[in-house]
Amino acid sequence: MKFLSLKLLAFCMVLPPVLLILTVEAMQRLYVEPYLAPVFAEEIQNIIIGDERPLMSGSISLKEAVSRHINIYLDHLLFRQLGGQVSVSVITREGTILYPPIFDVEADHMIAPDPVQTASRNLELMNEGLVVRVDPRLGYLTPLAILILAFFFAISFLVIYFHFRKGLRRARQEEAEKNREIERLVDLEHHHSDRLSTLRQDHASLNRDIEKMKQSLEKERVQASRNEDEMVEEIIQLENRIRENLERQDVQQNEILDLKEKIAQLEKRKGGSSKREWNLIQKRFRTLYKHLIIHERSVDGFVTLEDDMKIKVEEVIHQLNQDAALVTIKRKVFGKKGRETVLEVVFGYKGRLYFRKMKDGRIEILSIGTKNTQNKDLDFLSRL
């Protein structure tokens with residue numbers, strides 16, 4: 001989750017359902033109602049009666065013919081097979097309902113209908129004129145809507161994937177640069193270590209030479225006192241060389257120590273970001289909430305909270321800065337003799353904030369935490 005923005009993730013998860021609703025509503029208003037509804041009505045108008053001979057002979061009533069033809073049409077309609085809903089009503093201009101079929105109190109199904117009366121009734125209804133009304137509707141749980149939702153989710157997942165890949169690639173580049181710098185410093189340390197080893201060997205060789213020279217001078221002093229001054233001069237020169245080598249050795253040793261400190265700083269650079277965040281939060285609190293005293297433990301607790309908890313606790317801090325009376329106090333934590341009264345405020349269900357009122361009228365926020373850190377916070381407050 002280091003390389004993935006939680007805001008982008010939430011946006012990509014919420015956006016597809018919203019787009020689905022907007023798309024379905026747009027299709028309903030821009031295509032289904034103005035185009036499909038008239039098309040369906042015209043097609044039903046053309047097939048609603050069918051063959052007129054059975055109607056004129058009275059072998060079937062007009063209501064039965066209308067219901068049969070509409071049901072057959074709806075069963076083969078692609079729009080319904082894709083999950084759409086089609087509401088159809090057929091009435092005469094005089095207001096007689098032919099479809100959808102309703103219970104006819106005048107029909108006596110125990111007696112066979114008279115074909116002549118049926119044909120007469122059919123002709124009468126047809127002369128009144130038939131009015132077809134069609135109301136097609138797209139649903140949100142239809143196969144078509146599910147395909148649209150899957151398409152939007154696929155786009156969201158692609159956005160999240162490419163965002164994650166970009167963050168991961170950037171982090172790898174930074175890590176590679178740090179590793180290259182560490183390798184360069186390590187190589188430099190090895191180079192100086194080799195030089196220091198050479199200087200130590202030179203120093204040891206010079207020490208042996210000095211010992212030999214001292215022994216030789218001691219012998220020569222006895223044999224030839226006239227060469228004593230020359231020997232002393234050579235000894236002084238050798239001692240100067242030793243001193244110079246020792247100074248060079250100290251300089252190299254200091255350079256190696258500096259290199260080790262730089263390497264340690266590079267290796268701990270990752271941990272520095274939390275300290276910078278702490279300083280930024282403390283500076284922001286001091287700037288925004290000038291009527292409050294923010295204890296360092298409060299900043300420590302604020303840093304460890306999740307983003308949504310940070311928003312909720314900062315709302316409480318803002319209320320304390322404006323007017324402490326706006327804040328709902330859950331309880332008094334310490335009010336015993338010899339101790340100042342510390343008040344507890346609950347935020348975000350499991351969040352806890354502790355503060356006290358100072359003598360000068362200002363408010364000091366002592367600790368911010370959650371229900372999980374409550375015991376540690378109370379222990380801290382007991383030691384104030």
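Which residues are linked with Asp135 in a network of salt bridges? The first legend answers this.

**View 1. Salt-bridge network around Asp135.** Glu33, Asp135 and Arg137 are linked in this network. The model shown here and in every other view is predicted. Its salt bridges number 12.

**View 2. A salt bridge between Lys310 and Glu277.** The two side chains meet at 3.5 Å, N to O. This pair links distant parts of the chain, with Lys310 in helix α10 (residues 307-322) and Glu277 in helix α8, 33 residues apart. Lys310 is buried, because its relative accessibility of 14% falls under 20%. Glu277 is partly exposed, at 32% relative accessibility.

**View 3. A salt bridge between Arg284 and Glu314.** The closest N and O atoms lie 2.6 Å apart. Arg284 belongs to helix α8 and Glu314 to helix α10; the pair links distant parts of the chain, 30 residues apart. Arg284 is partly exposed, with 33% relative accessibility. Glu314 counts as buried, at 17%.

**View 4. A salt bridge between Asp379 and Arg383.** Here the side chains meet at 3.2 Å, N to O. Asp379 counts as partly exposed, with a relative accessibility of 42%. Arg383 is exposed, with a relative accessible area of 58%.

**View 5. The aromatic pair Phe285 and Phe302.** The model holds 7 aromatic pairs. In this one, the ring centres of Phe285 and Phe302 are 5.1 Å apart and the planes stand at 75°, so the pair is edge-to-face. Phe285 sits in helix α8 (residues 269-288) and Phe302 in helix α9 (residues 296-304), so the pair ties together parts 17 residues apart in sequence. Ring pairs link Phe285, Phe302 and Tyr289 into a cluster.

**View 6. A positive surface patch.** Arg165, Lys166, Arg169, Arg170 and Arg172 form the patch. Lys166 lies in helix α6 (residues 143-223). Lys166 counts as exposed, because its relative accessibility of 51% is over 50%.

**View 7. A negative surface patch.** Asp229, Glu230, Glu233 and Glu234 make up the patch. Glu233 is placed in helix α7 (residues 228-267). Glu233 is partly exposed, with a relative accessible area of 43%.

**View 8. A nonpolar patch on the surface.** The members are Met13, Val14, Val18, Leu22 and Phe157. Together they have about 460 Å² of accessible area. Helix α1 (residues 6-47) gives the most to the patch, with 4 residues. Val18 lies in helix α1. At 38% relative accessibility, Val18 is partly exposed.

**View 9. The cis peptide bond from Tyr99 to Pro100.** Omega is near 0° at this bond. Pro100 sits in the loop between β2 (97-99) and α5 (115-128). Most peptide bonds are trans.

**View 10. Tyr349 with a positive phi.** Phi is about 70° at Tyr349, although this residue is not a glycine. Most residues other than glycine have a negative phi. Tyr349 is found in the loop between β6 (342-347) and β7 (351-357). Is Tyr349 buried or exposed? Tyr349 is exposed, with a relative accessible area of 75%.

Definitions and conventions. Residues numbered from 1 in each chain as written. Predicted model: local features only at pLDDT ≥ 70, side-chain atom pairs only at ≥ 80, totals over all residues. Heavy atoms only, no water. Helix = DSSP H or I, 4+ residues; strand = E, 2+ residues; numbered from the N terminus. Buried < 20%, exposed > 50% of the residue type's maximum accessible area, 1.4 Å probe, protein only. Phe/Tyr/Trp six-rings, centres within 6.5 Å; stacked < 30°, edge-to-face > 60°. Patch = residues over 30% accessible without salt bridge, like charges linked within 9 Å, V, L, I, M, F, W, Y side chains within 5 Å. Areas by Shrake-Rupley, 256 points an atom, 1.4 Å probe, with all protein chains shown as cover. Salt bridge = Lys/Arg side-chain N within 4 Å of Asp/Glu carboxyl O. Lys, Arg positive; Asp, Glu negative; His and termini not counted. Charge placed at Lys NZ, Arg CZ, Asp CG, Glu CD.
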